[in-house]
Structures are given as C-alpha cells and as structure tokens.
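Reader: I am new to reading protein structures. Could we go through this one together, step by step?

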Amino acid sequence: MMRATKKTSLPKIELLSGNIYDRRSGNALEGLYKPLNKPIFRTDLKTAEMVKYASNCLLATKISYWNEIFSICKELGISSQKVADITAIDPRVGKYGSVHGKAFGGKCLPKDLKAFIDFAERDQNEKYELLREVKDISSLVDIHYIRQKEPKGLGDAILRAEKYVGDEPFAVLLGADIIKGTVPCIKQLLDIYQKHGSPVIAVEEVKDVSKYGIIKGDEIDRSVYVIKDIIEKPSPEEAPSNIGAIGRYILTPEIFDCIKKTPLGNGNETQLTDAI
C-alpha cells in the first residue's frame, strides 16, 4: 500500500485522456492531481497511449544500450559502472538504465515494447528494426552481476558464479586481455570444445613466463595441445614451456568442485590454473 501511495503521489507527469463527452471525469482527475504541482496534460486517448508506448520503449532502449556498453567495457578492462556513473551526470543522458547488468523487466517495459512493435508493423506495414534489436538484445541472455569483495584469485571469482552456471559449459573472458582476430577467440575455443568435448584454454607464446599460467602439453593439431600440466606464474627455471594461458576459457561445471578442493596458491589466492 505504501509503495502504491508513493507512486501515485510522486508522478513525473500526469497524462489525462478522454473524449469530449467525458470532460467531467477529466476535470475531477485534474483537480485530484493539481496539488502535487506536476505537469498535467489533457490529450485524446490515442495520443496518451502513444506517449506511454514511446516512453516505455525509450526506457527499454536505454537499458539495452547500457548493457552493450557494459560488454564493451568488460572487453577493454574498464570499470563499466564508473563510465555509466560519470556519463549519467549529464542531464541529457540521465541515470536510468545505467545499473550494471540490469535487464529490462517488470510488467510494463517488455509487454509494451512487444505490443508496440506488433501494432506498428501490422498497421504501418513497416519493419522497425531498431525496436526489434532492443527486444532481441534483452532476450539474448540473463545478466547477473556478482562482486568479488576481496581479490582472492581468479578461481575464487569464478566459484562465485556457480549457482548461475548450473550444469552447462561456460565461457570465461578476462578484461586484461584484448584479443583481435578474423574469427573471434571464443568462437575458436567453442569449435575446439565441440570437436573434442573437453575444456579449452586459449594460449600463446609469451616472453615473461612469470606473468602467466604456463602449460606442459603435446601438440595434437595445428596450435592445439593436450594439456598435461599447467603452472601458475612459474620462474623461468620451473616453466615447462613458453606457452601461456591468456584470458579466454571454455570450462565445464566440474571445475567448481576442483576449485573448492584447491589450496591457496601463488599470492595466497585461489588460482584457476591450480584447479585446472
């Protein structure tokens, strides 16, 4: 009841619609809201409906836009929330939708977006690709934001996502590495996973082995290795090769039990490479 009262008493604007035969009801509502000192507009029913759809579709677009920005920031290793917070200071932009990982939901936004697309395309015989993209972006994934409160290692960070992964294989992308290629790195890893049915790690030849997880393995195909061992940040004397893991992985849920059993490693942290 309190929430309903608050939303009723604190509207941004009040839009009253009706036909010329219902002025009495409109006048009564206008009198009810006038003490709130908010803008009041009297329109016909079609205009009022269009304002509602336009507003909710714009809000849905903002959320989908910010989710795209968050994905780019993650790839670049940038604090996406800091970008959002600073950008939102501009009154032309505003803060709505700039909470990391929020998908548009509730009772109004998804319903109104779908209804507006269906109505517009049916009656106008046009394709509204932008609105369809907004709808599709929100449908691609469920986004969850989890904060690792202390730097306890990559293994610990991945373990926090266990309840969201379930029993499916999953990808890990670290913002510290930006990888460019004609075929995206994750797509290459997925192809190898589908071929061999085992977890896959992206690797490359490195100069400073003390900064990487270094693998020991046998090459079974061009640039594809069966990993026999992996050592986190070894000294040059300990390193079994100069081939180091970089920040892209396809892992299976079995890794979570391995992480739980893994003792603290380099830097007194739970290292993913030790669990692997």
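Author: Let us start with a term: two residues are in contact when they have heavy atoms within 4.5 Å of each other. Keep in mind that this is a predicted model.

Reader: With that cut-off, which residues is aspartate 156 in contact with, leaving aside its neighbours within four places in sequence?
Author: Aspartate 156 sits in helix α7, residues 154-159. Neighbours within four places in sequence are left aside. That leaves Gln148 and Thr270.

Reader: Is aspartate 156 buried or exposed?
Author: Buried means under 20% relative accessible area. Aspartate 156 has 14% relative accessibility. Aspartate 156 therefore counts as buried.

Reader: And aspartate 167, is that buried or exposed?
Author: Look in the loop between α8 (162-165) and β3 for aspartate 167. Exposed means over 50% relative accessible area. Aspartate 167 has 70%, so the word for this residue is exposed.

Reader: How far apart in space are aspartate 167 and proline 253, C-alpha to C-alpha?
Author: Along the sequence, 86 residues separate aspartate 167 and proline 253. In space, the C-alpha to C-alpha distance is 5.8 Å.

Reader: Let us step back. How many helices and strands does the chain have?
Author: The chain has 276 residues, and buried ones make up 28% of them. Among contacts between residues at least 6 apart in sequence, 65% join residues at least 24 apart. As for secondary structure, the count is 11 helices and 7 strands.

Reader: What kinds of residues make the contact of α3 with α4?
Author: The helices pass in a right-handed crossing. From α3 come Trp66, Phe70 and Cys73, and from α4 come Ser80, Val83, Ala84 and Thr87. They divide into 5 nonpolar, 2 polar and no charged.

Reader: Now the largest nonpolar core. Which element gives the largest share of its residues?
Author: This core has 16 residues. Ile158, Phe170, Tyr249, Leu251, Ile255 and Leu272 touch the most other members. At least two residues each come from β3 (170-173), β7 (243-251), α10 (254-261) and α11 (272-275). The largest share, 4 residues, comes from β7.

Reader: How many residues are in the second, separate core?
Author: Val200, Ala202, Ile246 and Ile250 are among its members. The core's size is 8 residues.

Reader: Is isoleucine 255 buried or exposed?
Author: Isoleucine 255 lies in helix α10. Beyond four places in sequence, isoleucine 255 is in contact with Phe170, Leu272, Ala275 and Ile276. The C-alpha atoms of isoleucine 255 and leucine 272 are separated by 8.7 Å. With a relative accessible area of 8%, isoleucine 255 is buried.

Reader: Which residues does isoleucine 186 touch, not counting those up to four places away in sequence?
Author: Isoleucine 186 is in helix α9, residues 185-196. At 18% relative accessibility, this residue counts as buried. Arginine 248 is 62 residues away in sequence but 6.8 Å away in space, C-alpha to C-alpha. The residues touched are Ala171, Leu173, Arg248, Tyr249 and Ile250.

Reader: What is the phi of serine 223?
Author: Most residues other than glycine have a negative phi. Serine 223 is in the loop between β5 (213-221) and β6 (224-232). At 53% relative accessibility, serine 223 counts as exposed. Its phi is positive, near 65°.

Reader: Last one. Where is phi of lysine 233, near what value?
Author: Lysine 233 lies in the loop between β6 and β7. With a relative accessible area of 34%, lysine 233 is partly exposed. Its phi is a positive value in a residue other than glycine, near 45°.

Methods:
Residues numbered from 1 in each chain as written. Predicted model: local features only at pLDDT ≥ 70, side-chain atom pairs only at ≥ 80, totals over all residues. Heavy atoms only, no water. Left-handed = near helix turned anticlockwise from the far one by under 90°. Nonpolar A, V, L, I, M, F, W, Y, C, P; charged D, E, K, R; others polar. Core = buried A, V, L, I, M, F, W, Y, C linked by side-chain atoms within 4.5 Å. Buried < 20%, exposed > 50% of the residue type's maximum accessible area, 1.4 Å probe, protein only.
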